[in-house]
Amino acid sequence: MSVAGAVIHSSTKPSDFRWVFALGFVGLAMGSAWLSVALPISVAFAGVFLFAGPHNWFELRYALGRLPARTGKLRGFFVVSGLGVVGLSGAYAALPFLMDRWEGLADFGISIWSTGFLFWIALLVWMRSHTNPRFDGGWVWPVACLLTALAWLSPFTLPLALVFLHPLMALWLLDLELARSRPAWRKHYWGVVSCVPLAVVAMWWQLRGVPDLPGTDQITLAFGPTVRADTLTEHVGASLLPDVSPYFLVATHTFLELVHYGVWVVLIPLIGLRSWPWQIRKIPVSHRSRTWSRSVTVFLLFGVLLVSVLWICFGLDYETTRRVYFTVAMLHVLAEVPFLLRMI
Amino acid sequence: MLRILLTMAILFGTASIVRADVPVPPNVREMVTTSPVAVVIAGIAAMFAIGALGLWAVKKQNRGDTKDQ
C-alpha cells in the first residue's frame, strides 16, 4: 500500500521529521508575517491569485478522503450540513441584491443570516453530541441564543469576525489531523503554533500608528491593473473600525490567509492525505461502485478545471473575480464547520 | 440558582427592550445597531439564552441526582 509523504530512511529518526515540521511551520508563519507587513497589497494580490483555487481543491480532496463510504446513522447530520452549506451560501450571495433593493434593511439581512448561521452550527453540535464519542451538548442552545442577541445588537461583528477567524480553522484542523496521524508531533505543533498570535501582536505593535496603506506598487499594477487597495480595506472592515490602523488590518488578514493557504496546500497534504491526491481508489466513497468512482474522478477533474478558470479570470479582471470568488468561497467556509465537528 | 438566572433574564431583557439611553463612543456607533426592532429582538434572544441556560443547568443537576441514586 503506497503512502504519500517523505520516505523514511533507516538512518533518519522519526523525531527529526517532527523538528523539520515544527521549523517549517515557524518559517512559513514568520515569512508570511514579514511579507504581509512589507508588501501587504502585493502579497494579498499574489496570495489570492496563486493559492485561492488550489487550496480549495486540496480541501475538497482531503474532505473526500475523510468522508465515510456510507452515511449510515450520520445521514441526518450530513443532510443538515448540506442544506446549511448550500442554503446559507445562497443567502449570503443574495444579500447584496436584497440590500440594494431594500436599503434600510441591510442590517436586518445580515442579522437574519447570522441567526441562521448560529443556529445551524448549534444544531450540528447538538446532533454531533448524540454520536460517538458522545458529550453533553445542551449548552449549545444558550450560547447560540446569546450570540444571536449580540448579532442583532452589532450586525457586522460576526461577518467581520469570520473574515479573521476562518483562516484559523486550518490550524485547528491541522491539530486534529496530527492527533489522528502523527500524535507524537502534536506537542511540537502546540509549541510552534503560538508564533501566530505572537506575530499578530508584533504586527500590531509595528503598525498601530500607521494610518494608510502604501498604495498599489507598479509591479502589482502591471500584473493586476484592476487591483485596488480600498477593496482590501473594505474586506477587512476598516470602515467599521476607524480607530484601528487599516494597514494593520490588511496585513493581519493577509498574514492569516497565507498561513491558511500554507497549511492546506503544503502541511495537510504532506501529513493528512493517506495517498497521493490523484489516487482516486484510496477515497472511501469511490469504493461504493464504479459509478461512484467515476463520479469522484469527474468531480475532482472539474475542480482542477475550475482552478484553471479562476486563474484565467484573475488574470483578466482581478477585482471582479476576487469579489465573485469571496462570495462563492463562503461555501468552503461553511463546509469546514461540519467537517471540523466530525473530526473532534 | 434558577430564580437568580430568571431574574437576571427578566432584568436584562427589560433593559434592552426599554433601550436605556446609554451614550456610545462615536467609533462604536456604526458597529452597534440603532434600530429599536433589532434591540427588542436581541433582548428576546438574550432572555431565551438565560432561560435555556437555566433549563440545561436543571437538567444537568437532575442527571447528577439520578446518577447518585
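Predicted model: local features only at pLDDT ≥ 70, side-chain atom pairs only at ≥ 80, totals over all residues.
How many residues apart in helix α4 (residues 106–128) of chain A are Trp113(A) and Phe117(A)? The two lie four residues apart, and are therefore separated by about one helical turn.

**Aromatic pairs**

Over all chains, the count of aromatic pairs is 19. In the pair formed by Trp113(A) and Phe117(A), the ring centres are 5.3 Å apart and the planes meet at 10 degrees, so the pair is stacked; the cut-off for stacking is under 30 degrees. Trp113(A) is buried, with a relative accessible area of 6%. Phe117(A) is likewise buried, and its relative accessible area is 6%. Both values fall under the 20% cut-off, and therefore both residues count as buried.

One aromatic cluster is made up of Phe21(A), Phe25(A), Trp185(A) and Tyr189(A).

**Charges over rings**

Trp185(A), a member of that cluster, also has the charged end of Arg182(A) over its ring. A further case involves Arg208(A), which lies over the face of Trp205(A). The distances to the ring centres are tabulated below.

| Charged residue | Ring | Distance to ring centre |
|---|---|---|
| Arg182(A) | Trp185(A) | 5.2 Å |
| Arg208(A) | Trp205(A) | 4.2 Å |

**The second largest pocket**

The second largest pocket holds about 1,100 Å³ of space. Its lining comprises 36 residues, and those nearest the pocket centre are Tyr92(A), Pro159(A), Val163(A), Glu234(A) and His235(A). Two or more lining residues come from each of α3 (75–101), α4, α6 (157–181), α10 (229–235), α11 (246–272), α13 (318–328) and α14 (330–343) of chain A. Helix α4, which holds Trp113(A) and Phe117(A), is thus one of the elements that contribute to this lining. The greatest contribution is that of α3(A), with seven residues. By residue class, the lining of the second largest pocket consists of 21 nonpolar, 10 polar and five charged residues.

**A buried arginine**

Arg66(A) belongs to helix α2 (residues 40–66) of chain A. Its relative accessibility is 17%, so Arg66(A) counts as buried. The side chain of Arg66(A) is joined to that of Glu177(A) by a polar contact of 2.6 Å.

Definitions and conventions: Residues numbered from 1 in each chain as written. Chains lettered and ligands numbered in written order. Heavy atoms only, no water. Phe/Tyr/Trp six-rings, centres within 6.5 Å; stacked < 30°, edge-to-face > 60°. Buried < 20%, exposed > 50% of the residue type's maximum accessible area, 1.4 Å probe, protein only. Lys NZ or Arg CZ within 6 Å of the ring centre and 35° of its normal. 1 Å grid on protein atoms, 1.4 Å probe; cavity = no way out; pocket = protein on both sides within 12 Å on 5 of 7 lines; lining within 4 Å. Points joined across faces, edges and corners; volume = space filled by probe spheres on them. Nonpolar A, V, L, I, M, F, W, Y, C, P; charged D, E, K, R; others polar. Polar contact = N/O pair within 3.5 Å; in protein donor to acceptor, adjacent residues only side chain to side chain.
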